[in-house]
Amino acid sequence: SWTPDHFVDSAVAALQHTIGPDDQVILGLSGGVDSSVAALLLHRAIGPRLHGIFVDNGLLRKDEFETVLKAYEGLGLNVTGVNAAPEFYAALAGISDPEGKRKAIGRTFIEVFDREAHKVQGAAWLAQGTIYPDVIESVSVKGPAVTIKSHHNVGGLPEKMHLKVVEPLRMLFKDEVREVGAALGLPGEILNRHPFPGPGLGIRILGDITPEKVDLLQRADAVFINLLKEHDLYQHVWQAGAMLLPVQSVGVMGDERTYERVVALRAVTSVDGMTADWAHLPYDFLAEVSNKIINQVRGINRVVYDISSKPPATIEWE
Ligand code: XMP
């Protein structure tokens, strides 16, 4: 029967058999479960011949890049962190349309990744954290959903660099990936994290993106996520986050009239993200989140909670 330990043993043997003794392997790390588990598996098989590339697109959660990079280094992975935030902000300047933003982010990611990949001497393979549902999705789903794994999309790199593609998690479901990750010692902090879209906060800032808006949203989002964890609610919701709306509303602070931004909180329960219900979080909890955001994040004076289910609403607002 299937066990994570058996899977690890046979996958490591297969990788060692397939990947030549001098071959170097490149892998894009996102901080998510799939790419992290793929990295640990390959690391077990070929050690430092696995070259992880982790790109900071400037659209990650607050402190995420530093925290995750440290975790990867702590696991002994050979990983290069690339701070490319300015490049992404430049590519996004003035773009408000959701698909336009996705395209700009995707294109910039490919440019940055391509540049880094070319620095690896002897690169023969591109590894990807593709899992079974991605394989199915990419052949059976049309429309916006095909962009779901866009951060795995590394453009024409395999052809251009003559890389062969290796996808060691191709046959696994998500819960199996988590079990394999646990067997390989992936910290709970990465193992149990919510899904996060490749374009990151770029599609949670409605309208155009500026570094100031990213900073505002990162701080509001961190308040929400940290309180979910403190109240033991994080594991009970499938995905959660804050959206920065392109709206200002009137408020009062002391004797002053304010005219500041609105943040919408989104938390959903779901099995696979295809359908979702808004999470029925306790009112007291929502009150605490709202007060804390409004008190601590200058520039936000109103917080609302999204009570829409999918369908017809989507999880993300863009
Ligand atoms: P929606 O908003 O379509 O989202 O209900 C379903 C799931 O997909 C994620 N999502 C994305 N992930 N690139 C990604 O990598 C994208 O462009 C993208 N758009 C949505 C979303 O966070 C949710 O988990």
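# A guided reading of a predicted chain

H162 lies in the loop between helix α7 (157-160) and strand β5 (164-166). The model is a predicted one, in which local features need pLDDT of at least 70 and side-chain atom pairs count only at pLDDT 80 or more, while totals for chains, interfaces and linings use all residues. Residue numbers run from 1 along each chain, following the sequence as written.

The backbone of H162 has a phi near 55°, which is a positive value in a residue other than glycine. H162 counts as exposed because it has 8 C-beta neighbours inside 10 Å. With C-beta atoms placed from the backbone, a residue is buried if 20 or more other C-beta atoms lie within 10 Å of its own, exposed if 12 or fewer do, and partly exposed in between.

The chain as a whole comes next. The protein chain contains 11 helices and 9 strands. Its radius of gyration is 20 Å, close to the 20 Å that the globule rule gives for 318 residues, so the chain is as compact as a globular protein of that length. This radius is taken over C-alpha atoms, and the rule is 2.2 Å times the number of residues to the power 0.38. Along the principal axes, the C-alpha trace spans about 70 × 45 × 40 Å. Of the 318 residues, 35% are buried. Two residues are in contact if their C-beta atoms, placed from the backbone, lie within 7 Å. Among the contacts with a separation of 6 or more, 75% are between residues 24 or more positions apart.

Where do such contacts lead from a single residue? L29 belongs to strand β1 (residues 24-29). L29 is buried, because 21 other C-beta atoms lie within 10 Å. Apart from neighbours within four places in sequence, L29 is in contact with S35, S36, A39, G52, I53, F54, Y72 and V79. The C-alpha atoms of L29 and L69 are separated by 9.5 Å, although the two residues are 40 residues apart along the chain.

L69 is part of helix α3 (residues 64-74). It counts as partly exposed because it has 19 C-beta neighbours inside 10 Å. When neighbours within four places in sequence are set aside, L69 touches F54, V79 and G81. N295 is 226 residues from L69 in sequence, and their C-alpha atoms are 31 Å apart in space.

How do the helices pack against one another? Helix α2 (residues 33-46) and helix α8 (residues 174-183) meet at an angle of about 45°, and their axes are 9 Å apart. That angle makes α2 oblique to α8. Axes are lines fitted to C-alpha atoms, for helices over the stretch in contact, and angles run from 0 to 180 degrees between N-to-C directions. Under 35 degrees counts as roughly parallel, over 145 as roughly antiparallel, 65 to 115 as roughly perpendicular, and the rest as oblique. In this contact, V33, D34, S36, V37 and L40 of α2 meet V177, R178, V180 and G181 of α8. By class, the residues number 5 nonpolar, 2 polar and 2 charged. Ala, Val, Leu, Ile, Met, Phe, Trp, Tyr, Cys and Pro count as nonpolar, Asp, Glu, Lys and Arg as charged, and the others, Gly among them, as polar.

Helix α8 also packs with helix α1 (residues 4-18), at an angle of about 80° and with the axes 9 Å apart. That makes α1 roughly perpendicular to α8. P4, D5, F7 and V8 of α1 make the contact with E179, V180, A182 and A183 of α8. These residues divide into 6 nonpolar, no polar and 2 charged.

The segment after β9 (300-305) holds P311, and P312 also lies in the segment after β9. K310 and P311 are joined by a cis peptide bond with omega of about -15°. Another cis peptide bond joins P311 and P312, with omega of about 5°.

Notes
Helix = DSSP H or I, 4+ residues; strand = E, 2+ residues; numbered from the N terminus.
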